[in-house]
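Biologist: Hi, I'd like to go through this model with you. Could you put it up on the screen?
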Amino acid sequence: MFSTRLLGLIKMKESVKEKIGIYKEIFKSLFVLMTLIGGASVASLSRGRVDLWAIIGTVSTVWLGVILIMLWRYMINLTEELDDE
């Protein structure tokens, strides 16, 4: 009985670690995307050109930032869950 529970906890820890690794890779990719889109939008807006693409880029950068913050919080919660067990 004890060994099956321990085995279940070990498998759970491995799955949580795997999820954290996947989310870290997603976080890195989204961060790079946010940086590129945000940089292009700021460069376009700083030249004084206010067009639809610059506005869409700025809004997309804000939304990507919000998504990154939520993803970061979720990874912290997963890490705390891993530490609690």
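Biologist: Thanks! Which are the buried residues of α2?
Modeller: They are Ala 54, Gly 57, Thr 61, Leu 64, Gly 65, Leu 68, Leu 71, Met 75, Leu 78 and Leu 82. Buried means under 20% relative accessible area, exposed over 50%, and partly exposed in between, with a 1.4 Å probe and protein chains only. Before we go on: this is a predicted model, where local features need pLDDT of at least 70 and side-chain atom pairs count only at pLDDT 80 or more, while totals for chains, interfaces and linings use all residues. Residues are numbered from 1 along each chain as its sequence is written, and side-chain values use heavy atoms, with hydrogens and water left out.
Biologist: Good to know. How many helices and strands does the secondary structure come to?
Modeller: Two helices and zero strands. Helices (H or I, at least four residues) and strands (E, at least two) are DSSP runs, numbered from the N terminus. Helix α1 covers residues 2-46 and helix α2 covers residues 52-84.
Biologist: How far does α2 reach from its first C-alpha to its last?
Modeller: It reaches 48 Å with its 33 residues, close to the 48 Å expected at 1.5 Å a residue. The expected span is 1.5 Å times one less than the number of residues.
Biologist: And what share of the chain do buried residues make up?
Modeller: They make up 21% of the 85 residues. The chain exposes about 6,600 Å², and carbon and sulfur atoms supply 70% of that. Those areas come from the Shrake-Rupley method with a 1.4 Å probe; for residues, only the protein chains shown count as cover.
Biologist: Let's switch to aromatics. How many aromatic pairs does the structure hold?
Modeller: Two. Rings of Phe, Tyr and Trp (its six-membered ring) pair if their centres lie within 6.5 Å; planes under 30 degrees apart count as stacked, over 60 as edge-to-face and the rest as tilted. For Tyr 23 and Tyr 74, the ring centres are 5.3 Å apart and the planes are at 80°, so that pair is edge-to-face. Tyr 23 sits in α1 and Tyr 74 in α2, 51 residues apart, and the pair links distant parts of the chain.
Biologist: Why is the pair of Phe 27 and Trp 72 called tilted?
Modeller: Their planes are at 45°, with ring centres 5.4 Å apart, so the pair counts as tilted. Phe 27 belongs to α1 and Trp 72 to α2, and these two are 45 residues apart.
Biologist: What else is Tyr 23 in contact with, leaving aside neighbours within four places in sequence?
Modeller: Besides Tyr 74, the list holds Leu 71, Met 75 and Leu 78; contact means heavy atoms within 4.5 Å. Tyr 23 is partly exposed at 23% relative accessibility, and Tyr 74 is partly exposed too, at 37%. The C-alpha atoms of Tyr 23 and Trp 72 are separated by 8.6 Å.
Biologist: Is Ser 44 buried or exposed?
Modeller: Buried, with a relative accessible area of 11%. Ser 44 is found in α1, and beyond its neighbours within four places in sequence it is in contact with Arg 49, Asp 51 and Ala 54.
Biologist: On to charges. How many salt bridges does a search of the whole structure find?
Modeller: One. The side chains of Glu 25 and Lys 28 meet at 3.4 Å, N to O; the criterion is a side-chain nitrogen of Lys or Arg within 4 Å of a carboxyl oxygen of Asp or Glu. These residues are three apart in helix α1, so about one helical turn separates them. Glu 25 is partly exposed at 46% relative accessibility.
Biologist: Last one: which residues form the nonpolar patch on the surface?
Modeller: Leu 45, Val 50, Ile 55, Val 59, Val 62, Trp 63, Val 66 and Met 70, with about 770 Å² of accessible area together. Patches are made of residues with over 30% relative accessible area and no salt bridge: like charges are joined within 9 Å, nonpolar side chains (Val, Leu, Ile, Met, Phe, Trp, Tyr) within 5 Å. α2 gives the most, with six residues. Val 59, in α2, is partly exposed at 43%.
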